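Hi there,

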Amino acid sequence: MTRLILIRHAKSGWDDPLADDHARVLTQRGRTAAETVGVWMAKNGYRPDIILCSDAARTIETMNLINLAFDAPSPNVLDKMLYHPSPDTILEQVRKRSEASIAVIAHNPGIGMLADAVLTQRPDHRRFLDYPSGAVTVIDFESAPDFSAGRLVDFVVPRDLI
């Protein structure tokens with residue numbers, strides 16, 4: 001069995017509209033949300049064996065704040081392929097891994113589209129399809145992760161927790 005945890009980075013700022021998108025960081029609200037999501041993940045036993053993370057500043061910051069909640073931080077791989085990826089690209093990167101529990105921290109629309117595409121049944125949550133900042137879906141697969149093959153374990157958005 002493989003567990004896949006799909007996380008959209010927490011709320012980031014647009015203070016400078018001319019700034020490099022790759023370098024944008026989290027807002028205070030985003031930092032609070034990422035810490036809260038990490039506590040929720042730790043409390044529910046959702047510590048991943050590995051985190052695959054986009055190399056953008058806001059995803060790295062999200063990962064670091066989530067990792068604070070665990071007794072031992074999850075190892076991570078920063079991957080430029082996860083910067084604004086398609087669902088296919090994310091799944092391709094996941095399939096290269098052998099760990100039993102893999103988290104991916106990336107961007108919309110790809111991360112939200114993948115969450116929808118791999119599940120056999122969507123969560124009954126009004127925010128699932130727009131996959132807001134900080135959203136987390138926990139999905140189990142009987143074998144390798146694939147489209148329309150995942151069983152929903154959990155879904156949460158930061159607003160549910162704060």
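Which strands does helix α4 lie across? Helix α4 (residues 110–118) lies across β1, β4 and β5, and runs at about 145° to β1. Angles here are taken from 0 to 180 degrees between N-to-C directions, with axes fitted as lines to C-alpha atoms, for helices over the stretch in contact. Helices (H or I, at least four residues) and strands (E, at least two) are DSSP runs numbered from the N terminus.

A word on the source before the rest. This is a predicted model, in which local features need pLDDT of at least 70 and side-chain atom pairs count only at pLDDT 80 or more, while totals for chains, interfaces and linings use all residues. Residues are numbered from 1 along each chain as its sequence is written, and side-chain values use heavy atoms, with hydrogens and water left out.

On the overall fold, there are five helices and six strands in the protein, and along the sequence they follow the pattern β-α-β-α-β-α-β-α-β-β-α. The radius of gyration (over C-alpha atoms) is 14 Å, close to the 15 Å that the globule rule (2.2 Å times the number of residues to the power 0.38) gives for 162 residues, so the protein is as compact as a globular protein of that length. Its C-alpha trace spans about 45 × 35 × 30 Å along the principal axes.

Now the sheet. The six strands make an open, mixed sheet in the order β3-β2-β4-β1-β5-β6, where two strands pair if DSSP finds at least two bridges between them. Its edge strands, β3 (76–79) and β6 (151–156), each pair on one side only. From one strand to the next, the twist averages 15°. Strands β1 (residues 2–8) and β4 (residues 101–106) run parallel and are joined by six bridges; R3, for example, has S101 in β4 as its bridge partner.

Helix α1 (residues 28–43) also packs on the sheet, where it touches β1, β5 (136–141) and β6 (contact means heavy atoms within 4.5 Å). The direction of α1 makes about 30° with that of β5.

Across the protein, 49% of the 162 residues count as buried.

Best wishes

Note on methods. Buried < 20%, exposed > 50% of the residue type's maximum accessible area, 1.4 Å probe, protein only.
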